[in-house]
Amino acid sequence: MPAPDLSTRAVYALCISKTASTTKARLQALEEDVVNAADQFEAAASTADLHTLGSLKTNPSDEEDRTQLKKNYTQRLTSKDHPARDVYDKLKIEVSLCPLCAHRDVETLDHQLPKSQYPLLAVVPSNLVPACRSCNTLKSDAGPKGAHDQTLHPYFDDIGKEQWLYAQVHEVVPACVSFRVVPPPSWDSVLVARVRWHFQTFDLAELYGNQAGRAMTSLRYVLKRKAPSSIPGYLQDEAEGGADEDPNSWKAAMLQALAGNAWYINGGFALE
Ligand SMILES: [Zn+2]
C-alpha cells in the first residue's frame with residue numbers, strides 16, 4: 001500500500017498545537033530531531049534495515065521529553081477532541097482490511113517501531129500502520145534485533161504477486177488444512193526470514209487454519225449435494241478463481257490444496 005501523503009513536520013506541529021506553553025517549548029525544541037528520525041526511519045525501512053536504528057532508542061535522554069513525545073500519540077493524535085485526530089482517522093481509513101493479517105478489519109494504528117522504545121517516531125506518519133487490534137497486540141514492543149526479525153512494513157515492503165502461502169490437507173476426520181510459507185526462488189534470504197517472522201508474529205497459521213476450518217464445514221454441505229464426478233472440476237474452478245483474486249489469500253491456498261488432494265475429492269470431504 002502507498003505510504004501516507006503527510007509531512008512529519010506538519011503532523012508534529014498539529015500534535016503540539018494545543019499544549020501548554022512550557023510543554024510546547026519543550027516539544028518545539030525536539031522538532032528537528034523528530035524530522036531527522038523520520039528521515040532515518042524511512043531510509044532504513046526502504047532497505048529493510050530498521051534494526052540499525054538503535055541509536056534512536058536513547059534519543060532524547062530526558063525522561064520528560066520522552067513522556068511528552070509519547071503523549072503526542074496517546075493524548076493528542078488519538079484524542080477525539082484534538083485537531084490532530086484527523087490525521088489518525090485519515091491513516092486508519094486508507095484500507096479496510098488489516099494489511100498485517102490481510103483478514104480482519106482495521107481498528108487501530110500500529111507503530112512499526114514501538115513508541116515506547118522510539119519516542120521520536122511516536123507520531124511519524126510512515127511509522128503508523130493501520131491494523132486490526134489482534135495484530136497490534138501480538139507485535140512485540142521490543143523492535144527488531146536483526147534483519148531477520150523485522151515484520152513486513154506495508155508502506156515499504158512489496159513482496160510481489162508470486163505465491164508464497166500454501167496449504168496442506170490433513171487426511172483426518174473431519175478433513176482440515178494447515179498453512180505454511182513456501183518462499184519463491186526469487187526471494188533473498190532476508191526476505192524469506194522476514195516473511196516467516198511476520199507469519200509467526202501474527203499467528204497467521206492459526207488464524208488461517210481457523211478460517212479454513214469454518215469454510216470447509218460450509219464446503220462439505222455444498223460438495224455433498226454435487227454429483228461425485230463434478231467435484232474435481234468444481235474445486236479446480238474455485239481454486240483458479242481464488243488464485244486470480246489473490247494467490248496468497250488463505251482461501252486460495254486452501255482451495256488449491258483441496259483441489260489437488262485425491263483423498264478429499266473422493267469422499268474425504270464428507271467424513272465428519
Ligand atoms: Zn491484522
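Start with helix α9. In this predicted model, its buried residues are Ile231, Leu235, Ala239 and Gly242. They sit on the same side of α9, because they cover an arc of only 65 degrees around the axis.

Now the opposite face. Turned away from the buried side, α9 carries the exposed residues Asp237 and Asp244.

What covers the buried residues of α9? Among the elements doing so are α8, residues 204–224, then α10, residues 250–259, and α11, residues 262–265.

Next, the domains. The assignment gives two entries for the chain: domain 1 covers 8–138, and domain 2 covers 165–270. How far apart do the C-alpha centres of domain 1 and domain 2 lie? They are separated by 37 Å.

On to the interface. On the domain 1 side, 8 residues are in contact with 10 residues of domain 2. Between them, domain 1 and domain 2 bury about 780 Å². Carbon and sulfur atoms give 61% of that area. Which residues of domain 1 lose the most area to domain 2? Leu100, His103 and Leu138 do. Together these three account for 59% of what the domain 1 side buries.

Last point, on charges. How many salt bridges does the rule find across the interface of domain 1 and domain 2? The count is 0.

Definitions and conventions. Residues numbered from 1 in each chain as written. Predicted model: local features only at pLDDT ≥ 70, side-chain atom pairs only at ≥ 80, totals over all residues. Heavy atoms only, no water. Buried < 20%, exposed > 50% of the residue type's maximum accessible area, 1.4 Å probe, protein only. Helix = DSSP H or I, 4+ residues; strand = E, 2+ residues; numbered from the N terminus. Arc of directions from axis to C-beta. Contact = heavy atoms within 4.5 Å. Domains from an automatic or database assignment. Buried area = accessible area lost by both parts, 1.4 Å probe. Salt bridge = Lys/Arg side-chain N within 4 Å of Asp/Glu carboxyl O.
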